[in-house]
Each structure stands twice: as structure tokens, then as C-alpha cells.
Amino acid sequence: MVAQLGPPEIQWKGQPAFSRGFLPDRLTLRFIVWVLGGPRMRIWLITVGEPLPIDGPQTRLLRTGLFGQALARKGHEVTWWTSDFDHFQKKSRFNGYTEQVSEPRLTIKLLHSVAYRKNVSLARILNHQGIARQFEQKIRNEVLPDIIVCSMPTIELLEKAAQFAEDNSIPLLADIRDLWPDIFEAAVPHFARPFSRPVIATFQKRLRKALVRCTGIIGISEAYLNWALDIAQQETGPCDAVFPLGYQVPPEKGLSLNEEKVFLEQKGVNPAKMVCWFVGTFGSTYDLDTVIAAAKRLHFEGSEHVQFVLSGEGDSYLRLKEEAKSLSNVVFTGWLNRTQLAALASMSKVGLAAYAMGAPQSLPNKVFEYLAYGLPIVSSLPGECRALLENEKCGLSYSAGDADQLKETLDFLTAHPNQYQSMSENALKLFNERFRAETVYAGFETHLEKIVERADKNRFPGSKPEEIRTTPVIHD
């Protein structure tokens, strides 16, 4: 059941519980506190697996990093609970629990647990369990927040956040970032899937119980929100919403970046060609084998007009690099910093969204990154991504696993420069209108404020309670 937000005895700003009595309403009090230099709201963000602002000035921040900074700069007091373990570099940052003030009003609390080497592994599950246990211990003596936004995954952290929010009458939003545990099955070998399904079913049951205790559910796309509502067996409520993965254009965009371009050219990037760029983790949900196969077809035809540039690393990195070692039209750059990524984006002509058949992603971050640079997108994702490219005329789609179709799609863009240019202009226009981080996260902030206002009305005697969500029937 969702936590009821209406007890007359409340705890506010870390002070002992009190009866409201004859006091200004809480929103007025919060405004007064802000005018006097205090925070507008205390907000907890709970997300592991993202780069952190403290990782260095060249770090490319993602959803929680961008949102946390935006909230802090608007006067909110933000605490970001995350992991000490760097998911991308596969190493601990401090080898223990650490608190870091990233900037005024943004504190990052890094929870420590065991390391893992592979994204799909028992060690990663143990890591998540350890993170959740330490989170549960650390929050006992914390100043209570006004609202909590907990990313999912992980299920373990969402469970702990749901219990804490329910015990303390705090609004909680689940931010659905990945389709856990459903994606596990695709990572399991076919022969082992019958044995994995009972484990996945157990995770699904746990997730359902956590979701129904949340005040609202946020999806990074309509498909992700609907998936979570189906898991929770609930209809859309007033606190449910979709906020996509807004992308922040780096300050380096538009600069000459000559040094970085020379670095990339030394790696083999040739901006005179149609550079088709992929950036991301080389994991099981991506279909870079088809990209390599298309490169082979072009190479053996003697076609020199297309170059594939693959940025990042991951479980399949070494295998793919070995597969493409004889191809002059494939370049692997490894991980790049923010300035190098900006330079490579400016040298590229096409953004590749190369996903495997059945991949759970709907509108992933790389789509918005490509749009930000006006890159027409060539994608193998069906559903929302395909519809976006078709409706906004900012890219083309091909079928996952079909190297011939991918090659033909790139040949078409090469042969039709006017249509390519139109797609590029449409991509940039779409990004500026709908997917800039400033736009997306301003809307998200307003959503939080409305939920806290709704919760305040329900907390105080004499206020007319507002329904947050009906209680669903759970079929165990």
C-alpha cells in the first residue's frame, strides 16, 4: 500500500515531531526559509551507476547528475545517494563510505560494497545488496527530506527507500531507468533460461511490492512508465509522469577543439568521410556485430565513403576489436572524456543507435546526444524510437541483425545529400524544442514541487486530503 501522507504529527527539516496548531502553511514556511538563505526543499536522489561530478571536470554527467545540479542551483538542498564503485571503470573511488560536497547544496554520499567485473554477474547482485544494507544503516540519523526520487534499478535500493518513505510519511517517486528484472532473461544463455525464470519472477514480485508503496512512478519514456504500471498493476495516477533523458549540450560545442580533433585523427578518425558514430557500453543489448558486418561489406566492395567510429568499452569490446582488426573503415576510440566526445560529435555525420533484437531500451540517452549535435540517427530500435525518427524526419531505421539493410541505409544517406541535410536540421530543432536538459529537468522540478505541495495539504489538520493513488490488488 502507498504510504498515507496525512498524519497530524510530522517531522520537518530534521526537527522533532510537532503538532502544527496555529502556524502558517508549510509552503509559506518553506518560502520564508528560502528567503532567509535556507533550502526551498530537501531532496534525496538515489541512483547508482552514473558518472559523478567529483570524477573530474571532463566527466559527462547523465540524468541524476544533471538533475541534481539543476535542483541545487535553484536553491534546493540535494543529497545524492550513490555507489563508491565506478560502474564504467570497474573500480572503487574511495574504498569506503565517503561524503563529498560537489557544489553548494549538492552533497554526494557514496555507499561502499563489493566490486564486480561483469555487468551481469552474481558479484553485481551482491554489490547491490551491500549498497542497500549500508543505505538502510546510514539514513537512520539523517535529516528527513521533503521528497525522495529513487532510480530503478536497483530494486534493493527502491525497497529500502519505500520502507523509509512509508515509515516517515515522505513522498517517494520511482524513476524507471531500466527494465529490471526483465532484461536479465536476454542475458542468460538459452539453455539456462528455464532455470532463471523463477529467479526473475522473485525479483518481479519484489519490484511490484516496492512500486505500489511509491507515491508516483516516473518513466524515461511512455513505454517505460507503462511497463512499471503493468508490474505494479495500477492505473496512471496524478503523480505519474514521463520525463525523458534530457541531454546537456557541453560548453565545448561550437569551439574549435583542434587539439582533441588531432588526437582523434591520430586514432584514425577521418572527418572527410561519412563518420557513423556509436558511443556507449559494448554490452549484450547492443548489436555492434551487425555494424562490423556492414563495414565488411563496404570494405570488400571497395567503398571508401563510410567510416564507423565506435567509442566506449564493455564485455564484448576485445572480441569486436579482434573481429574488425583487418577493416580500415572501423575505428575504436575507447572511452573519451567530455571534450573529446564533443570533438568527435562535430566530426561525425551519423549517430548509430545499434541495438540487438529484443533490446529493452526505448529512448536511450545516446539518441538525445546525437540530436543535440544535429546528427541524423540510424537506429535498429523499434517502438518509440522508430516512431520518433519517422514522425520528426530526423533519421532512418533498419532491422536489428540485418547488415545489408544497414549498409543500404547508409548508402541512401550518402546518395541523397539534400535529405541528409534536412534530417540534420530536423534533429537539432527537435532537440532544442523538447530534449534540452534545462527544459526536461525544469519540468521535473515543477513536478516534485507539486507533489510536495499535495503531500503538505494531506499532512496538516484542516486541509482537504488529496488522493495520491488508489491501492491496487496484488496477485502474488
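The model is predicted, so local features need pLDDT of at least 70 and side-chain atom pairs count only at pLDDT 80 or more, while totals for chains, interfaces and linings use all residues. Residues are numbered from 1 along each chain as its sequence is written, and side-chain values use heavy atoms, with hydrogens and water left out.

Begin with Trp44 and Trp81. Their ring centres lie 5.5 Å apart with planes at 65°, so the pair is edge-to-face. Rings of Phe, Tyr and Trp (its six-membered ring) pair if their centres lie within 6.5 Å; planes under 30 degrees apart are stacked, over 60 edge-to-face, and the rest tilted. Trp44 belongs to strand E3 (residues 42-46) and Trp81 to strand E4 (residues 77-83), so that this pair links distant parts of the chain, 37 residues apart. Strands are DSSP runs of at least two residues and helices (H or I) of at least four, numbered from the N terminus.

Are these two residues buried or exposed? Trp44 is buried, at 3% relative accessible area, and Trp81 is buried at 0%. Buried means under 20%, exposed over 50%, and partly exposed in between (1.4 Å probe, protein chains only).

Next, select Phe278, Phe282, Tyr286, Tyr317, Phe332 and Tyr355, which form one aromatic cluster. The whole structure holds 18 aromatic pairs.

Finally, select Leu126, in helix H3 (residues 122-138). Leu126 is partly exposed, with a relative accessible area of 41%.
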